[in-house]
Amino acid sequence: MDRHAQSILVVDFGAQYAQLIARRVREAHVFSEIVGRDITADEVRAKAPTGIILSGGPASVYAEDAYDLDPAIVGLGIPILGICYGHQVLAHAVGGVVTRTGGGEYGKTQLTVIEADSTLFHDLPLDLEVWMSHGDAVTQVPPGFRCVARTEGAPVAAMENSERRLYGVQFHPEVAHTPRGFDVIKHFLYEVCEALPTWTHHSIIETSIEEIRKQVGDGQVVCGLSGGVDSSVAAALVQRAVGEQLTCIFVDHGLMRLGEGEQVEETFRRNFPTNLIHVQAEERFLAKLKGVSDPEEKRKAIGETFIRVFEEVAKDLSDARFLVQGTLYPDVIESGTKDAAKIKSHHNVGGLPDDMKFELVEPLRDLFKDEVRAVGEELGLPEEIVHRQPFPGPGLGVRIIGEVTKERLDILRSADAIVLEEVKRAGLYHTLWQSFGVLPAIKTVGVQGDGRTYAYPLILRAVTSDDAMTADWARLPYEVLEQISSRVINEVPGINRVAYDISSKPPATIEWE
């Protein structure tokens, strides 16, 4: 069984919503993959997708540096849906007219469906609320197309050529601000592409187990276990696939939160019927990080040291040559691929050494975080694992901005524990994607007990998100912020002020490094 037997390619033209389009397709139980705007017709043909969606983007089709589409892709006979800029790119490619109207539309807009038998809009009201964000507009449909919807600022707000299975919409059907947008996407998937809703949590488990067995055979496997949802679900999948061939390795790198090492081991032994080796390696990691301040260098140093520890342990396990990692789709995208610029190297992707002796087993590599949680629930993992807030593999090493030292780790550990205690006490832990403290390696002046202090600030970070590809800063109640600040300053020596980060992603990232 091929988990990608039916797939939709989402061509990313630089839209902030490309990941959201991919998620909406998966919510319709069809696999989706994000690819770069420079993908060629030959590359598309090799992937053999069921359909293609062209995302929005910030450019004009007439700009000198405009993002374009390989025109041969349109001639492959594969169904295409263009969204916003993708709608204009499609129209421009097949002979339509795109012009700068001088007005543009931004935000909520009323759309009028003028062809009730339209494939995309059938069974929907003729007047719809949609979300627009465009300056240029399609003003004349390409030959063979018909205009099926319009708005005040977009004469061709939707177009289609059912014979060639080419469709375009100027609005954003993927966002929540377009209430019936998901219906439009499903019409394209099910009726135009004739895709079947086979991408389910059960099918993911079945195909993952099949792929793991095929890759591993009778070889010995080690899994880098952190105690988080990603590595735990990956371990559970591999354990179900190969049983006693799996040995989990929990490397305590000294960059964990307060009491976390003991908690991870206790939780694992209670829930996993497989071997666990617990390696204490704090001194080794701190030595590797000594004098290192650059975040990319930190991640690479941590990633390489992890691998070296795994390799040493594997020698005692009949030279196990397979390493399981809980790599997710956002990790791959953010670490930089041919299709995506590097935002930051994840220690388990861009931070891996070139001379690594392991062959990687990554059963979650195609999944978003919410899909991983659902798979974990399907596998029967306990809530304390499945709904644990994400914690970076490099741990507190990337939450200390600057050189990582034992002193700074101890300070941040104590402060971060207070943050989590108060968030849980307020009943907010499961409503937040992440909540944690960041310690910049700078000091600020303060006053305590009528005396001058010169100590670190703590940056409080709390965000809401669905998949970590985008995130919004959490509007924590003032009383919660006050309690955290008061406790941290009074209980943690070395900190004399607390600040709250109110930036969203984008333009910021969730973690500071």
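What pLDDT does the protein average, and what share of the residues score at least 70? I began with this point and noted an average pLDDT of 89, with 94% of the residues at 70 or above; pLDDT is the predictor's confidence in each residue, from 0 to 100.

**Ground rules.** I am working from a predicted model, in which local features need pLDDT of at least 70, side-chain atom pairs count only at pLDDT 80 or more, and totals for chains, interfaces and linings use all residues. Residues are numbered from 1 along each chain as its sequence is written, and side-chain values use heavy atoms, with hydrogens and water left out.

**Confidence by element.** I took helices (H or I, at least four residues) and strands (E, at least two) as DSSP runs, numbered from the N terminus. Confidence is lowest in helix H10 (residues 329-334), at a mean of 74, and highest in strand E9 (residues 166-169), at 98. I also looked up residues 336-350, where pLDDT stays under 50. For that stretch the model has 51 contacts (heavy atoms within 4.5 Å) beyond four places in sequence.

**Largest nonpolar core.** I defined such a core as a set of buried Ala, Val, Leu, Ile, Met, Phe, Trp, Tyr and Cys residues joined through side-chain atoms within 4.5 Å. Buried means under 20% relative accessible area, exposed over 50%, and partly exposed in between, with a 1.4 Å probe and protein chains only. The largest core holds 50 residues, of which Val251, Phe310, Phe358, Leu476 and Ile495 touch the most other members. Two or more residues each come from strand E11 (246-252), helix H8 (282-289), helix H9 (295-314), helix H13 (406-425), strand E18 (451-464) and helix H14 (478-491). I listed the contacts of Ile495 beyond four places in sequence; among them are Ile411, Ala415, Leu439, Gln448 and Val488.

**H8 against H9.** I found these helices packed at an angle of about 145 degrees, with their axes 10 Å apart. Axes are lines fitted to C-alpha atoms, for helices over the stretch in contact, and angles run from 0 to 180 degrees between N-to-C directions. On the H8 side, Arg284, Phe285, Lys288 and Leu289 make the contact, and the H9 residues they meet include Lys298, Ile302, Phe306 and Glu312. I noted six nonpolar, one polar and six charged residues in this contact. Here Ala, Val, Leu, Ile, Met, Phe, Trp, Tyr, Cys and Pro count as nonpolar, Asp, Glu, Lys and Arg as charged, and the others, Gly among them, as polar.

**Single residues.** Is Glu371 buried or exposed? Glu371, in helix H11 (residues 369-378), counts as buried because its relative accessibility is 8%. Beyond four places in sequence, Glu371 touches Arg26, Trp199 and Asp366.

I then turned to Ala41, in helix H2 (residues 41-47), which is buried at a relative accessible area of 4%. Ala41 touches Asp70, Ala72, Ile73 and Leu76, leaving aside residues up to four places away in sequence.

**Helix H3.** I recorded helix H3 (residues 85-93) as mostly covered, with seven of its nine residues buried. Just after H3, Gly95 takes a positive phi of about 100 degrees.

I noted Ala48, with phi near 50 degrees, in the loop between H2 and strand E3 (51-54). Ala48 counts as partly exposed because its relative accessibility is 49%. Arg165 has phi near 60 degrees and lies in the loop between strand E8 (158-161) and E9. At 30% relative accessibility, Arg165 counts as partly exposed.
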